[in-house]
Amino acid sequence: MTTTSKDTCAVTELTISQKENIIENLIHDLKSSIFSQINGLNLIMRDKNCTYNKMQLDILGNLMTSNIYMRDTISNVLSNFKMDNKGLNIEKSNCSIKETLDFVIRSIGYMFEEKSQKLDIQYRCGNLRANYDDIEMRRVFVNLLSNASKYSKVQSIIKVEIIKEDGFLVCKVINEGKIEDKNIEDIFDMYLTQSKKFQIRGSGLGLYISKKIVEAHGGTIKARNIKNNEVEFSVKIPC
């Protein structure tokens, strides 16, 4: 039996499709497992009926940090995998930016509690609504706020400002720190990360994915150093 080039091509495409499904399902399963571990650790650490010595608290803290790192890495790898193979599927609807941010803060609030950080959120335009993909924009804010927490000191204040500007919804995330001037323009490139400088593990995918999502909404995302040794990330999408 002779195999034609058409048959070979069909087999190759099937094999690639099968591999993609396996990889996507594997990453999804790992993500579910990590979220379960984070939720479990969160309950244990918040249980006021239990007392822990310093060594136990350190172990629990290290476990939480490791799981957060794995969660962020897996989420970003999965997002990047989907973008590379299927493209971004943006489904816009009329959304409340306050509800979107409230959901994000509830999901990663333990990060700020762990470092005794305070969130100062200012809605300077009321409960503004805009047409965007709520799930994808949550991913953007998870990346920005997670970074703000990771790169800020213990007991620092992380500021979030929501404004309306010339028909655009603008969200600014401000935290202490500084981006090296030579990296300002490239901070959203794939695999570029300041983790090594701050001795923090990171994949360098979060900001890259965030930029792709924001641009798919017809918006922009920028970073800049501002006064008082602070960094500002600004997301701008049409209202």
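Mentor: Let us begin with pairing: two strands pair if DSSP finds at least two bridges between them. Helices (H or I, at least four residues) and strands (E, at least two) are DSSP runs, numbered from the N terminus. This is a predicted model, in which local features need pLDDT of at least 70, side-chain atom pairs count only at pLDDT 80 or more, and totals for chains, interfaces and linings use all residues. Residues are numbered from 1 along each chain as its sequence is written, and side-chain values use heavy atoms, with hydrogens and water left out.

Trainee: What makes β4 and β5 a pair?

Mentor: Seven bridges join β4 (residues 157-165) to β5 (residues 168-176), and at least two are required, so the two strands pair. They run antiparallel. As one example, K159 has I174 in β5 as its bridge partner.

Trainee: Why are β2 and β6 called edge strands?

Mentor: The open sheet has five strands in the order β2-β4-β5-β7-β6, with mixed pairing. β2 (118-123) and β6 (220-226) each pair on one side only.

Trainee: What makes α3 a helix under the DSSP rule?

Mentor: α3 (residues 97-114) has 18 residues, and at least four are needed, so the run qualifies.

Trainee: Where does α3 bend?

Mentor: The bend is about 60°, at I108; this is the angle between axes fitted to the seven residues ending there and the seven starting there.

Trainee: Which residues of α3 are buried?

Mentor: Among them are I97, L101, I108 and F112; buried means under 20% relative accessible area (1.4 Å probe, protein chains only).

Methods:
Expected span 1.5 Å × (residues − 1). Buried < 20%, exposed > 50% of the residue type's maximum accessible area, 1.4 Å probe, protein only.
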